[in-house]
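Please open your viewer and get ready to select a few side chains and strands. We will go stop by stop.

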Amino acid sequence: SARDVVGYYVVARDGDVGQVVDLLVDDRSWTIRNLVVDTGNWLPGKKVLVSPQWIFLIDWAQGKVHVNLSREGVKQSPVYDSSKPISREYEARLYQYYRQPGYWAE
């Protein structure tokens, strides 16, 4: 189950960056659009979004999600505010920040 990933640690190319605290699902296509990552142990109080497209390995035995991002990249990533709806503008900024094509362009 995708829900099993909640609580997993997120590991960037150069070290730990946080923990998965939630999943954001597109309510039209039922596609997981983002993992909400709490960087609390590394960057207190900051939550960021990571697209499943940026995951290169899920280590089920170790409870880790490995992403093809750097720690510094995550540190400077646009902050996720759960009190606001995610707009296309925010998504475009996020994907542009990571130099990734948007899923909506497919």
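**Aromatic stops**

Seven aromatic pairs are present in the structure. Rings of Phe, Tyr and Trp (its six-membered ring) pair if their centres lie within 6.5 Å; planes under 30 degrees apart are stacked, over 60 edge-to-face, and the rest tilted. Select Tyr95 and Tyr103: their ring centres are 6.0 Å apart and their planes at 65°, so this pair is edge-to-face. This is a predicted model, in which local features need pLDDT of at least 70 and side-chain atom pairs count only at pLDDT 80 or more, while totals for chains, interfaces and linings use all residues. Residues are numbered from 1 along each chain as its sequence is written, and side-chain values use heavy atoms, with hydrogens and water left out.

Now colour by relative accessible area (buried is under 20%, exposed over 50%, partly exposed in between; 1.4 Å probe, protein chains only). Tyr95 is buried at 3% and Tyr103 is buried at 15%, whereas Trp104 is partly exposed at 33%. To show the cluster linked by ring pairs, select Trp54, Tyr95, Tyr97, Tyr98, Tyr103 and Trp104.

**Strand stops**

Next, switch to cartoon view. Strands are DSSP runs (E, at least two residues), numbered from the N terminus, and two of them pair if DSSP finds at least two bridges between them. Select strand 1 (residues 9-12) and strand 2 (residues 15-25), which pair in the antiparallel sense over four bridges. A hairpin joins strand 1 to strand 2 through two residues. Pick Val10 to find its bridge partner in strand 2, Gly18.
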